[in-house]
Amino acid sequence: MPHFKDDSCYAASGKYCACIEFHLSDDKRRGFHSSQLIDYTLEPNPDAGDNKKLPPQKLALAFSTADVVLLGWRLGLLADKLQENDLAAVRALAKRYAEVDRHMPFVASITITPIANG
């Protein structure tokens with residue numbers, strides 16, 4: 001199991017990651033083999049607009065079996081980890097941790113939408 005640092009929303013392996021795991025709650029995790037990652041996009045969150053309380057960034061990951069959307073702040077580092085194949089796991093944190101370290105990424109929500117077969 002990946003080891004999260006205190007107050008961190010991601011875990012890196014420091015080596016090739018065969019899977020990327022999303023921790024949806026303390027007892028629910030969903031993983032995807034990294035070879036299933038088709039593409040990813042980091043862009044402004046279109047729902048945030050001028051609302052400073054909403055996460056300003058959206059990191060969308062397209063896997064062959066599901067789409068995963070992360071909303072948060074400073075998500076560029078997670079995109080870098082994806083590009084380096086060094087992202088082992090991601091979890092959302094409570095909003096109170098958003099400003100603990102203003103240089104670290106913060107994931108406010110994770111949404112996984114399975115792709116319908118057929």
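Analyst: Strand S2 (residues 19–25) and strand S7 (residues 87–91) pair in the parallel sense, over three bridges. Strands here are DSSP runs of E with at least two residues, helices are runs of H or I with at least four, and both are numbered from the N terminus. Two strands count as paired if DSSP finds at least two bridges between them. Within this pairing, Phe22 has Val90 of S7 as its bridge partner.

The model is predicted, so local features need pLDDT of at least 70 and side-chain atom pairs count only at pLDDT 80 or more, while totals for chains, interfaces and linings use all residues. Residues are numbered from 1 along each chain as its sequence is written, and side-chain values use heavy atoms, leaving out hydrogens and water.

The S2/S7 pair belongs to an open sheet of four strands, in the order S1-S7-S2-S3 and with mixed pairing. Strand S1 (10–12) and strand S3 (28–33) are the edge strands, each pairing on one side only. From one strand to the next, the twist averages 15°. Strands of a sheet pair through backbone hydrogen bonds, either parallel or antiparallel. Helix H1 (residues 76–83) lies across S1, S2 and S7 and runs at about 30° to S1. Such angles run from 0 to 180 degrees between N-to-C directions, with axes fitted to C-alpha atoms, for helices over the stretch in contact; contact means heavy atoms within 4.5 Å.

Phe22 also takes part in the aromatic packing. A search of the whole structure finds four aromatic pairs. Rings of Phe, Tyr and Trp (its six-membered ring) pair if their centres lie within 6.5 Å; planes under 30 degrees apart are stacked, over 60 edge-to-face, and the rest tilted. One of the pairs is Phe22 with Phe32: the ring centres are 6.1 Å apart and the planes stand at 65°, so the pair is edge-to-face. Phe22 sits in strand S2 and Phe32 in strand S3, 10 residues apart. Phe22 has a relative accessible area of 0% and is therefore buried; buried means under 20%, exposed over 50%, and partly exposed in between, with a 1.4 Å probe and protein chains only. Phe32, at 2%, counts as buried.

A further ring meets Phe22. The rings of Phe22 and Phe63 have their centres 6.3 Å apart and their planes at 80°, so this pair is edge-to-face. Because Phe63 lies in strand S5 (residues 57–63) and Phe22 in S2, the pair ties together parts that are 41 residues apart in sequence. Phe22, Phe32 and Phe63 form one aromatic cluster.

Strand S2 also holds His23, which counts as buried at 11% relative accessibility. The His23 side chain makes a polar contact with the side chain of Glu21, at 2.8 Å. A polar contact is a pair of N or O atoms within 3.5 Å; within protein, one must be able to donate a hydrogen and the other to accept it, and residues adjacent in sequence count only if both atoms are side-chain atoms.

Glu21 forms a salt bridge with Arg29 as well, with the closest N and O atoms 3.4 Å apart. A salt bridge is a side-chain nitrogen of Lys or Arg within 4 Å of a carboxyl oxygen of Asp or Glu, and by this rule the count comes to three. Arg29 is partly exposed at 42% relative accessibility.

The loop between H1 and S7 contains Asp86, which forms a salt bridge with Lys81 at 3.3 Å between the closest N and O atoms. Asp86 is buried at 10% relative accessibility, and Lys81, at 16%, counts as buried. Not counting residues up to four places away in sequence, Asp86 touches Lys81 and also Ala11, Ala12, Ser13, Gly14, Lys15 and Cys17.

Asn85 has a positive phi of about 55° although it is not a glycine. Most residues other than glycine have a negative phi. With 23% relative accessibility, Asn85 counts as partly exposed.
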